[in-house]
Amino acid sequence: MTESDNLDPSRTNTLWRTVRYAVLAIGLAILVALVIAPELGRHAFWNGLIPLAPALLVVAPGLWRNVCPMATTALLPRHLGISRRGTLSVEWQGRLSLFAVLLLFALVPLRHVVLDSSGPATALVLVLLAAVAVTMGFAFDWKSGWCSGLCPVHPVEKLYGSRPISSFANAHCTECIQCTTVCPDSTRSMHPFSRPTRAHRLAAVLLVGGFPGFIWAWFHVPGNDGFASWSQLGWCYGVPLLGALASLLMFLAARELVPVKHYPTLVRSFAAAAVSCYYWFRLPALVGMGVFPGEGALVDLSEDLPAELPLLSGIVTTGFFGWWLVLRRAHRREWLVRPALVER
Ligand code: SF4
């Protein structure tokens, strides 16, 4: 399944297809659980699946791109041969990149308003996103509309995924028609600024600069059991967005001071800050030792674990992501190996 594998390509394809549909089945099971057993579904999704995702995006973004259930949904029309296979201009690809970043900043605070506490609300948002994803897959060729376009996780893939451990076979594209200008899957050391238009660059600045502060501030907002008041809504959105503004200003100042040849290191440093910040707060919260005790816990072990655990886990994860993304000497790799190029 990796570039070094000697597996027969047809067996590799079958293997990827099997894994892809197995992960889709798990995703559908969680979706059903969110509605009929909301407690279980909520834990499985927000406290089981989602905390694994950022680390996977850092270490093996190509693996995620191959098995993501939303990608499988979006690409269903293409695999079934019923996609209209439209082409997106570079300008529209840039606009979609910008919309994706704005969608990310709009959806994450919604977790504190209602999603973290409500299975059905989470299911509704996932179904709406799946409907948009499949529509984009029906209208546009391969990954241009959703996976490399409007998907709100895609900006995070580009931010975190610049130093993948390996390049995997592309489990979706059977041929490359260059549907996306600067294909994120097939470009070595992909990062948010590897894209051509002004909208791409604006999206990159907002994401790279804003995301670390956004995450830090998000963890300092308590969750709620649904919409209570406009001031609560303002708090849920205002605090993370103020955090984003603070780190964005720091990024813009640092960019003025750092020589151009060191920009990639600056971008990776902000990426490391964002993902480290996430795990600094999220891992203790998973065992009931978060900023708001008990909130976001998979299992509450706060009585049994040493009080120093949050600090220790934060030091370990920050050290790991700082080393992986910034300090380590890494080969320049693409997320996925580009399939054979064909003319449209
Ligand atoms: S490999 Fe080619 S066809 Fe597939 S997403 Fe990238 S540019 Fe599009």
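The legends below describe close-up views of a predicted model.

**View 1. The surroundings of the ligand.** In this predicted model, 14 residues surround the ligand, and the closest of them are Lys143, Cys173, Cys176, Cys179 and Cys183. Sorted by class, the shell around the ligand is made up of 6 nonpolar, 5 polar and 3 charged residues.

**View 2. Arg338 and the residues it touches.** Arg338 is placed in the segment after strand β2, which covers residues 336-337. Leaving aside residues up to four places away in sequence, Arg338 touches Asn170, Cys176, Cys183 and Ser186; two of these, Cys176 and Cys183, are also among the residues closest to the ligand. Arg338 counts as partly exposed because 16 other C-beta atoms lie within 10 Å, whereas a buried residue would need 20 or more. Val239 stands 99 residues from Arg338 along the chain, and the C-alpha atoms of Arg338 and Val239 are separated by 41 Å.

**View 3. Helix α8 along its length.** Helix α8 runs over residues 119-139, and at 1.5 Å a residue its 21 residues should span 30 Å, which agrees with the 30 Å between its end C-alpha atoms. The buried residues in α8 are Gly119, Ala121, Thr122, Ala123, Leu129, Ala133, Met136 and Gly137. Among the elements that cover these buried residues are α1 (9-36), α2 (38-49), α5 (69-74), α6 (76-80) and α9 (146-150).

**View 4. The packing of α2 with α8.** Two packed helices are described by the angle between their axes and the distance between the axes. For α2 and α8 the angle is about 55 degrees, and the axes are 8 Å apart; the two helices are therefore oblique to each other. Where they meet, Pro38, Gly41, Arg42 and Phe45 come from α2, while Gly119, Pro120 and Thr122 come from α8. By class, this contact of α2 with α8 has 3 nonpolar, 3 polar and 1 charged residues.

**View 5. Helix α12 and what covers it.** Helix α12 takes in residues 230-257, and its 28 residues reach 40 Å from the first C-alpha to the last, close to the 40 Å expected at 1.5 Å a residue. Its buried residues are Cys236, Pro240, Gly243, Ala244, Ser247, Leu248 and Phe251. An α-helix has 3.6 residues a turn, so residues three or four places apart point the same way. The cover over the buried residues of α12 includes α7 (90-113), α11 (198-218) and α13 (263-286).

Notes. Residues numbered from 1 in each chain as written. Predicted model: local features only at pLDDT ≥ 70, side-chain atom pairs only at ≥ 80, totals over all residues. Near = placed C-beta within 6 Å. Nonpolar A, V, L, I, M, F, W, Y, C, P; charged D, E, K, R; others polar. Helix = DSSP H or I, 4+ residues; strand = E, 2+ residues; numbered from the N terminus. Expected span 1.5 Å × (residues − 1). Buried ≥ 20, exposed ≤ 12 C-beta atoms within 10 Å, placed from the backbone. Contact = placed C-beta atoms within 7 Å. Axes fitted to C-alpha atoms, helices over the stretch in contact; angles between N-to-C directions. Parallel < 35°, antiparallel > 145°, perpendicular 65-115°, else oblique.
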